[in-house]
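Good morning, colleagues. Please look at the display first.

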Amino acid sequence: MGETLTGFEYGLNTPATDYDGINKYLRITDIDDVSHKFDISHLTSPKLKDDNYLLANGDILFARTGASVGKSYRYSNIDGKVYYAGFLIKAHIKDHFSTNFIFDTTLLPRYHYFVQVTSMRSGQPGINAKEYQKYIIYAPSENEQNKISDLILTIQKLIDLQQRKLEQLKQLKKAMLQQLFVDKNSKQPNLRFKNFNSDWKQRKLKNISKRILRKNSDLQSLLPLTISAQDGLVDQTLYFNKQVASKQLKNYLLLYNGDFAYNKSYSVGYPYGAIKRLDKYKQGVLSTLYIAFKPTNINSDFLQHYYDTDKWYREIYRNAAEGARNHGLLNISTNDFFNSKLVTPSDNDEQLKIAKIINLFNHLITLRQNKLTQLTTLKKYLLQNLFI
């Protein structure tokens, strides 16, 4: 790599301060792990502004220490006025090499192997400028470099576009959930389908569902489940990469497709745990630490989407014991959970219409996610086959 550069320069050693609206400060943590782009969600400015540490179009940055050692970033003028911090090394590419091509070589599996081997230290992992220069790059003519990097860049732009569309769909779905469902103290939603005018009714969960206590005593299922706040009821073996003994599974709850379960563990973005429906498998087993139930007098899809909102948080908060948290679990009894109140349409047709429109959003999100996955796979394939 050293032969492709005019040299390496270490970053600016100054604290970060509140963003002043113009001068951006790029630290290791500001480089997105997946896209390698500048994550602008937590912008800061450098306390000391030294223009010797400003990035120029085409500069490449490398993380030189810590868990993120090896992480790379390519600067573009679109990122604005950017200073780079001390734990980063800047590389400026020579005129007869394609900056994009050189950057793309840092996305290859053999680059990650180089980082893994080179960064080994007795203490914290690290790679200095002299070591980075030794990374081997195979480069064709400048014209071919440009052709290859232009194709990779085109795929990346399509990936970015799909990612933005996916996020917009998710945000729109979130907004629709807030508008189509009712807060506890309201009787009608903010957004309503035509010809539905009656007030929504308050009902207790125990009156629209039945608790599941059936055990897996005959080992009808050997699929242990866990509740992921993001992914729902999933295979515990794959999620935690560990096997549960079959003898132990006899004491688990047996769930069928369409059953619901409540995980009282709270996590970031899920302050009152998560309530999910078993959709991925025909059946599975779940620890008795979870509360399981089956809808009896309510549209199942409507209930599933209701628990994707925050409308039920207040009831959990009201019923959870003061102080509240025990080893990461919310301290709410099963009885209080089933006495929690929901506000729902009394008309089954309205429940169905709400469920259908949210199902449509989920379908569109899945299609967009699949497209994003295909493009990401295509980029990976091209990187593996267009580079040495």
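This is a predicted model: local features need pLDDT of at least 70, side-chain atom pairs count only at pLDDT 80 or more; totals for chains, interfaces and linings use all residues.

Residues are numbered from 1 along each chain as its sequence is written, and side-chain values use heavy atoms, with hydrogens and water left out.

Strand E14, residues 260-263, and strand E17, residues 291-295, run antiparallel and are joined by 3 bridges. Strands here are DSSP runs (E, at least two residues), numbered from the N terminus, and two strands pair if DSSP finds at least two bridges between them.

Both strands belong to an open sheet of 4 strands with antiparallel pairing, ordered E10-E17-E14-E15. Its edge strands, each pairing on one side only, are E10 (209-211) and E15 (274-277). From one strand to the next, the twist averages 30°; axes are lines fitted to C-alpha atoms, and angles run from 0 to 180 degrees between N-to-C directions.

I turn now to another sheet. In what order do the strands E1, E5, E6 and E8 lie? The order is E1-E8-E5-E6, in an open sheet with antiparallel pairing. At the edges are strand E1 (5-10) and strand E6 (72-74), each of which pairs on one side only. Here the twist averages 20° from one strand to the next.

Within this sheet, E1 and strand E8 (residues 88-93) run antiparallel, with 5 bridges joining them. Tyr10 stands opposite Ile89 in E8. Thank you for your attention.
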